[in-house]
Amino acid sequence: MFPSGKSAARNLSDGIAAFSRSDARKAWWQLVNTIVPYLGVMALMTFSVVRGWPYPVTLLLAIPAAGLSIRIFIFFHDCCHDSFFASKRANRIVGYVTGILTFTPFDDWKRNHNIHHATAGDLDHRGTGAVWTMTVDDYLGASRLKRLGYRLVRNPFFLLLVVPFWLSMLSYRIPRWSAGRASMISVMITNLGLAGIVTAFALTVGWKTYLMVQVPVTLMAWTLGVWLFYVQHQYEDAYWARADERNSLDAALKGSSYYKLPGFLQWMTGSIGLHHIHHLRPRIPNYHLQACQDAVPSLQLVRPLTLSKSFGSLALNLWDEQQQKMVGFGAIRTRARVRV
């Protein structure tokens with residue numbers, strides 16, 4: 001059990017402070033060792049299509065390209081937190097470039113993600129930048145239509161197939177007045193960047209070739225990205241509390257998973273599995289997360305979520321305020337008020 005209280009919070013804050021410093025050399029090296037091979041694999045995929053290789057070969061090449069795309073997204077994510085570089089200008093420029101490469105508008109995503117950090121684990125402020133989560137009481141009191149919609153959204157096939165397509169291809173392509181001027185401009189700039197890439201392909205190897213290369217990479221990457229985002233806050237012993245009772249330290253260390261992945265997968269995902277540290281101190285860049293975990297003994301008291309156990313999270317759909325844990329739909333079937 002992780003120690004609580006103001007003294008524990010102060011000690012922890014002191015222990016992780018040094019890891020909040022950005023390191024330009026590490027940041028630039030990450031960009032080189034990821035974007036260069038990403039572009040190389042994308043070029044090989046393009047070559048395979050142009051030369052008429054069997055398309056399954058192209059799809060096999062899409063797997064490492066998607067993995068590298070996820071890693072690029074982590075750099076984008078760090079830029080949104082102004083942690084990748086010490087310079088805000090550098091974070092913004094690199095954030096926009098990596099955002100175009102990963103189909104994500106910088107300011108629009110940054111706005112929603114900051115709201116997510118501010119409200120993570122808060123039952124009274126759910127929704128923005130997070131997976132739709134209902135409590136047992138919410139579900140029992142909802143209309144039949146709303147319950148059916150919630151079941152659809154929480155269905156693994158919908159979550160991991162439809163949602164990635166909706167987000168990458170449609171949702172983030174639409175500027176919204178309600179999001180503010182900066183968010184709208186970032187969507188339009190990202191769309192213009194993508195249009196430029198499509199035009200370049202169309203004038204050289206053809207737009208069909210572009211679609212055959214880019215679409216599988218993007219959908220694979222976004223599917224894995226949605227899964228990572230889901231499992232970071234959706235597991236049995238997660239943390240949720242009402243606004244007046246919410247504790248930010250508990251929200252970070254109990255409500256954000258320590259997703260312990262094998263070495264290569266941790267590299268590919270930019271150590272984002274150490275999500276408990278990220279929510280504790282978002283200014284810690286990805287390249288310092290593991291060092292922080294190793295150096296601070298109290299962080300090692302957080303129980304890790306293993307890869308094999310994480311798949312069970314797909315069966316957990318509702319937060320039970322009475323039991324203080326995530327439960328599946330089956331756990332409430334016997335309650336008299338449930339209308340299936």
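Q: Which residues does M42 touch, not counting residues up to four places away in sequence?
A: This is a predicted model, so the contacts here are computed from its atoms. M42 is among the residues with the most contacts inside the largest nonpolar core. Setting aside residues up to four places away in sequence, M42 touches A65, V213, Q214 and V217.

Q: How many residues does the largest nonpolar core have?
A: Besides M42, the residues with the most contacts inside this core include L31, M45, F84, F85 and V217. In general, nonpolar side chains of soluble globular proteins tend to be buried together. The largest core here has 34 residues.

Q: Which helix gives the largest share of this core?
A: Several helices take part: α2, α3, α4, α5 (106–119) and α10 each supply at least two residues. The largest share is 9 residues, and the helix they come from is α3.

Q: How many residues are in the second, separate core?
A: Among the members of this second core are V231, Y235, A238 and W240. The core is separate, and its size is 25 residues.

Q: Is F85 buried or exposed?
A: F85 lies in the loop between α3 (55–80) and α4 (88–101). The cut-off for buried is under 20% relative accessible area. F85 has 4% relative accessibility, so this residue counts as buried.

Q: What kind of aromatic pair do W28 and F85 form?
A: W28 sits in helix α2 (residues 24–50), and F85 is 57 residues apart from it, so the pair links distant parts of the chain. W28 is partly exposed, with a relative accessible area of 49%. The ring centres are 5.2 Å apart with 55° between the planes, and the pair is tilted.

Q: What kind of aromatic pair do W227 and F311 form?
A: Here W227 belongs to helix α10 (residues 207–231), while F311 is in the loop between α15 (307–310) and β4 (318–320). W227 is buried at 11% relative accessible area, whereas F311 is partly exposed at 48%. Planes under 30 degrees apart count as stacked. With 20° between the planes and 5.6 Å centre to centre, this pair is stacked.

Q: How many bridges join β4 to β5?
A: Strands of a sheet pair through backbone hydrogen bonds, either parallel or antiparallel. Between these strands, W319 stands opposite M326 in β5. β4 and β5 run antiparallel, and the number of bridges joining them is 3.

Q: How many disulfides does the structure hold?
A: C79 is buried at 0% relative accessible area, and its sulfur is 7.1 Å from the closest cysteine sulfur, in C80, too far for a bond. C292 is also buried at 0%, and its closest cysteine sulfur, in C79, is 20 Å away, again too far for a bond. The number of disulfides is 0.

Methods. Residues numbered from 1 in each chain as written. Predicted model: local features only at pLDDT ≥ 70, side-chain atom pairs only at ≥ 80, totals over all residues. Heavy atoms only, no water. Phe/Tyr/Trp six-rings, centres within 6.5 Å; stacked < 30°, edge-to-face > 60°. Helix = DSSP H or I, 4+ residues; strand = E, 2+ residues; numbered from the N terminus. Buried < 20%, exposed > 50% of the residue type's maximum accessible area, 1.4 Å probe, protein only. Pairing = 2+ DSSP bridges. Core = buried A, V, L, I, M, F, W, Y, C linked by side-chain atoms within 4.5 Å. Contact = heavy atoms within 4.5 Å. Disulfide = S-S within 2.5 Å.
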